[in-house]
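Dear colleague,

Please find below the structure that I am handing over to you. A short account of the findings follows it.

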Amino acid sequence: MSTENQPANENPAGDEPTGGGKPEYTPPASQEELDRIVESRLARERSKYADYDDLKKKAADHDAYLDSQKDEHQKALDQTKADTESAVAQRYLSKLVSSEVKAIASALGFNDPSDALAVIDAEKLPVKDDEPDTEAIKAAVEKLATDKPYLVKAGSARPATRPRPKQGERQESGPAKGRAAAALRQLGASRKSS
C-alpha cells in the first residue's frame, strides 16, 4: 500500500491522528449509531456496578454475623445505650418546649411566665422534626391568656408605644420641649425674685 493515494494529514494506521492530539469529534450519522454509542456507554457503567447486589448481601450477612457473635452482656449494653440516648433526647426536647412556652408567655405579658408552663402540659405540645412547634405553642399560650386573663398583666395587651400622628397632623415634640423648658426657667426666675 503506498502513501500516494492517502491524504497527507491522515494516519496510515488509523490509531491516532498525527500531532499526538485527541481524535477529532464526528457526530453520529444516524439515530442507530447514536443508540449504539449510548448503549455501549450504559453497558460500561452497568458493568462497574454489576456486583453491587452481591456486596450489599455480603454486608447484610456480615452485620448479621456480628450480631450473632455478641453475647447477652453486649446486647444489653447496646439496648441500654439506645434507651439512654432516647431519654436524653426527650428530656432535652422537653426543656426546649418549656423554654419556648416561657418565652412566649413573657412576650405576651404574663405576670409569671412559669404560670403558663404550670397550666399548659409541655409534654402534650406538638413537636416538628425534633424541634418545638413555635406556632402551635404560641396559639396555646394565647388561648391560655384569653381563657385566664388574670394570669396576664393588666394593660399588657397594648404595645407601649406612642401612636403615630395621622397624615397631615403636626407632631409637636421639638417645640413643645422648648416651651416647657422656657416655662420652667421663668417659674424658677419668678420664685427667686419673690
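Of the 194 residues of the protein, 10% count as buried, where buried means under 20% relative accessible area, exposed means over 50%, and partly exposed lies in between (1.4 Å probe, protein chains only). This is a predicted model, in which local features need pLDDT of at least 70 and side-chain atom pairs count only at pLDDT 80 or more, while totals for chains, interfaces and linings use all residues. Residues are numbered from 1 along each chain as its sequence is written, and side-chain values use heavy atoms, with hydrogens and water left out.

The secondary structure comprises six helices and two strands, in the order α-α-α-α-β-β-α-α from the N terminus on. Helices (H or I, at least four residues) and strands (E, at least two) are DSSP runs, numbered from the N terminus.

Among contacts with a separation of 6 or more, 60% are between residues 24 or more positions apart; a contact means heavy atoms within 4.5 Å.

Leu 42 lies in helix H1 (residues 31-48) and, at 36% relative accessibility, counts as partly exposed. Ala 136 belongs to helix H5 (residues 134-147) and is also partly exposed, with a relative accessible area of 24%. Between Ala 136 and Pro 126, ten residues apart in sequence, the C-alpha to C-alpha distance is 6.8 Å.

Yours sincerely
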